[in-house]
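User: I have a new chain to look at. Can you walk me through the fold in plain terms?

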Amino acid sequence: MRTIADILRDVIDLKFLRDQPDIVRASQRARGEDESLVDAVLAADERRRTSIATFESARSEQKAASKELGPLMGRLNKAKKQGEDVSDLESEAAALRDKGAAMSSRVKELEAAADEAKGELDTSLRAIGNVIQDGVPAGGEDDFDLLEEVGTPRDFAAEGFEPKDHLELGELLGGIDMERGAKVSGSRFYYLTGVGAQLEWALMGLAQQIALQEGFTPLVVPNLVRTETMAGAGFLDAHDDEVYKLPNDDLYLTGTSEVALAGFHADEILDLTEGPLRYTATSTCYRREAGSYGKDTRGIFRVHQFQKTEMFVFCRPEDAQAEHENLLRIERRVLDALELPYRIIDVAAGDLGGPASRKYDCEAWVPTQGKYRELTSTSNCTTFQARRLNIRERRGEGGTQAVATLNGTALTSTRPIVALLENHQQADGSVRVPEALRPFLGRDVLEPR
């Protein structure tokens, strides 16, 4: 089992950073991060390698001195038995023992220095995110590239009525109860009741059906994972304030089944000769939403607990770009089935998570907010997670290399409900059910109570 230190050191390819530091610096600049960290890593790496070389040289000398002492003590003991003068041999043995003690102390000092240099390297590496791909826009949240808009938002004014927001609709339908959610668990918790619960089941059923049709193997995954898995997936770097931890058990509640899916093949060598391994899982997700005070406080758009169907892929690095486009295609298929106006954006580098080298978001139109909001996303993490989790494939004669990992959200439960209720509402407060959901719901329209 790899240690946390091993996991956190293997964040990016150190050999690549040594050989191509300017590319990593440019990636850091595009992310809006400190590019001097690259020089800090290189300096720490040089100190670590020098310290290790010095330590190993001293340890080798120590072992050689120890080997000299053994035969000398044998001669000394033999001479004593024969009644010979052993003063010279005793002096020589004492000198060797003193030398050995001094060398032992020196080796411990050098080992501590090597460990310290390794710690500096780990810390510096941990602060550097995955190297972004060519073409990823630089900047922050508002600097994305718009790739496509699909569908046209409804003109409610032309239809002669003002749209209600999802919470008002949900309460009219008897589907959302925020008051009791807050009573039981606090802010950003909720109950889905009646048709609200059925709508969540229908959404997850549709997502699962499409994932199966697309050849993904379904898994039921743990919602609690060990620190090694959470760190390996990249969720204890910039995200550690967003996750729930059970300190008595040293376990984390996952904010996405991506974490458990990523850890599924940890410390394994995969056979990818027949193509990528594709998995899907539906799980309950938990997020602290740290730093979101005052944002989306009304309704169920930003909550602490929700359901999500996630897709995950293990593939060869050279296949990762094609797999990324495939995940986006599947997400589009889901959103098309929900008959929602949406757009696709190429997320800017500064808005990427640490593991992602590129991410596409699909954002649905929310009428009462007058803007597009994220519903699904898909990320190409290249070999970032696999190196941390020690997931490889066999290449060539006896050789191995890290695989690439990708993830894509098929659907979450709450945000699509927001978009569905608002986009498909009618003037009388009823909500039209998209055709693709009707087999799961058993009705064409959701009627107010």
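Analyst: One definition to start: the radius of gyration is taken over C-alpha atoms, and the globule rule is 2.2 Å times the number of residues to the power 0.38. This is a predicted model, where local features need pLDDT of at least 70 and side-chain atom pairs count only at pLDDT 80 or more, while totals for chains, interfaces and linings use all residues. Residues are numbered from 1 along each chain as its sequence is written, and side-chain values use heavy atoms, with hydrogens and water left out.

User: OK. What radius of gyration does the chain have, and what would a compact globule have?

Analyst: The chain has 29 Å. A compact globule of 449 residues would be near 22 Å. Along the principal axes, the C-alpha atoms fill a box of roughly 115 × 45 × 45 Å.

User: How many helices and strands?

Analyst: 15 helices and 18 strands. Helices (H or I, at least four residues) and strands (E, at least two) are DSSP runs, numbered from the N terminus.

User: How much of the chain is buried?

Analyst: Buried residues make up 50% of the 449. Buried means under 20% relative accessible area, exposed over 50%, and partly exposed in between (1.4 Å probe, protein chains only).

User: And what share of the contacts is between residues 24 or more positions apart?

Analyst: 74%, among contacts with a separation of 6 or more. Contact means heavy atoms within 4.5 Å.

User: What does Leu199 touch?

Analyst: Leaving out residues up to four places away in sequence, Leu199 touches Ile417, Leu420, Leu421, Leu437, Leu441 and Leu446.

User: Switching to Val334. Buried or exposed?

Analyst: Val334 is buried, at 1% relative accessible area. Val334 sits in helix α12. Beyond residues up to four places away in sequence, Val334 touches Ile210, Ala410 and Leu411. Thr376 is 42 residues from Val334 along the chain, with their C-alpha atoms 9.7 Å apart.

User: Which residues of α3 are buried?

Analyst: In α3 (residues 21–31), they are Pro21, Val24, Arg25, Ser27, Gln28, Ala30 and Arg31. An α-helix has 3.6 residues a turn, so residues three or four places apart point the same way. After α3 comes Gly32, with a positive phi near 75 degrees.

User: Which residues have positive phi without being glycine?

Analyst: Asp250 is one, with phi of about 55 degrees. Asp250 lies in the loop between β6 (244–246) and β7 (251–253), and is partly exposed at 39% relative accessibility. Asn390 is another, with phi near 60 degrees. Asn390 is in the loop between α13 (384–389) and β14 (392–395).

User: Last one: where is Gly396?

Analyst: In the loop between β14 and β15 (399–402). Gly396 is exposed, with a relative accessible area of 71%. From Gly396 to Ala102 is 47 Å, C-alpha to C-alpha, and 294 residues in sequence.
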